[in-house]
Amino acid sequence: MSGASAGPPDDKTLPTPDPARVQLIRSYGPGHFVIGERDWRTPVLVTPATTVEWSVSRAEDLSLASLAPLRQLQPPPELLVLGCGARAIFVPPALRVELKEAGLALEVVDTGSACRIYNVLLAEGRRVAAALVPL
C-alpha cells in the first residue's frame, strides 16, 4: 500500500491575487493604508479594480449616498466590508435594509479585520468592496 492519504492535502495556501491587476491591501496602520503601490491617508473605498477617497470622516457617516461610487460599478460588489477604525460600530437596521435592497450585504468590523477579510474574499474571487476608516 502506498503512503498516499485519502484525506485532503495539507497545503492550505490561498490563491494570491496579482497586485498589479487588483487592489490588494498590503498594509495598514495609524492614519494610513498601503493599497497596491499607493499610500492613502484618508478614508477609502476599495474594490478589486480601484481605490478612491471616501467622503466620510467616521464610520457613523455611512449612508447609501456615501457609497455612490460602488453602485456605479459593473458588476456591482455583492459584499461591503466596513472597517470602522479601532472598533466596530452599530449600524441602524434601517440602513442595513437600505443597503440590502441596493444589493449590498454588509459586514461591520474594526479596520484591521476589514483589511484581512477584504483580501481573503478578493483572493477567492468574490465581488467585494471595502469602506475603510483609518485607525
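His 32 sits in strand 2, and since this is a predicted model, everything said about that residue here is computed from predicted atoms. Is His 32 buried or exposed? With a relative accessible area of 19%, His 32 counts as buried, because the cut-off for buried is under 20%. Its side chain has a polar partner too: the side chain of Asp 39, at 2.9 Å. Skip the neighbours within four places in sequence, and the contacts of His 32 are Asp 39, Trp 40, Arg 41 and Pro 134.

Now zoom out to the sheet. Strand 2 covers residues 32-35 and pairs with strand 1 in the antiparallel sense, over four bridges. Strands of a sheet pair through backbone hydrogen bonds, and they can do so either parallel or antiparallel. Here we have an open sheet of three strands, ordered 1-2-3, and the pairing is antiparallel. Which strands stand at the edges? Those are strand 1 (25-29) and strand 3 (38-40); each has a single partner strand, so one side of each has no neighbour in the sheet. From one strand to the next, the twist averages 15 degrees. Lying across strands 1 and 2 is helix 3, residues 111-123, which runs at about 175 degrees to strand 1.

On to the nonpolar packing. In soluble globular proteins, nonpolar side chains tend to be buried together. The largest nonpolar core in this model has 21 residues, and the ones touching the most other members are Trp 54, Leu 62, Leu 67, Leu 80, Leu 82, Leu 99 and Leu 106. Which elements each supply at least two residues of this core? They are strand 6 (79-83), helix 2 (93-101), strand 7 (105-109) and strand 8 (128-132). Leu 82 is a handy place to look around: leaving aside neighbours within four places in sequence, its contacts include Trp 54, Leu 62 and Leu 106, along with Ala 59, Val 91, Val 108 and Ala 131. Glu 107 is also one of the residues in contact with Leu 82. Apart from this core lies another, of 19 residues, with Leu 24, Val 46, Leu 79 and Tyr 118 among them.

Last, the cysteines. Cys 84 is buried at 10% relative accessibility, and Cys 115 is buried as well, at 2%. How many disulfides does the structure hold? The count is zero.

How values were computed:
Residues numbered from 1 in each chain as written. Predicted model: local features only at pLDDT ≥ 70, side-chain atom pairs only at ≥ 80, totals over all residues. Heavy atoms only, no water. Pairing = 2+ DSSP bridges. Axes fitted to C-alpha atoms, helices over the stretch in contact; angles between N-to-C directions. Contact = heavy atoms within 4.5 Å. Buried < 20%, exposed > 50% of the residue type's maximum accessible area, 1.4 Å probe, protein only. Polar contact = N/O pair within 3.5 Å; in protein donor to acceptor, adjacent residues only side chain to side chain. Core = buried A, V, L, I, M, F, W, Y, C linked by side-chain atoms within 4.5 Å. Disulfide = S-S within 2.5 Å.
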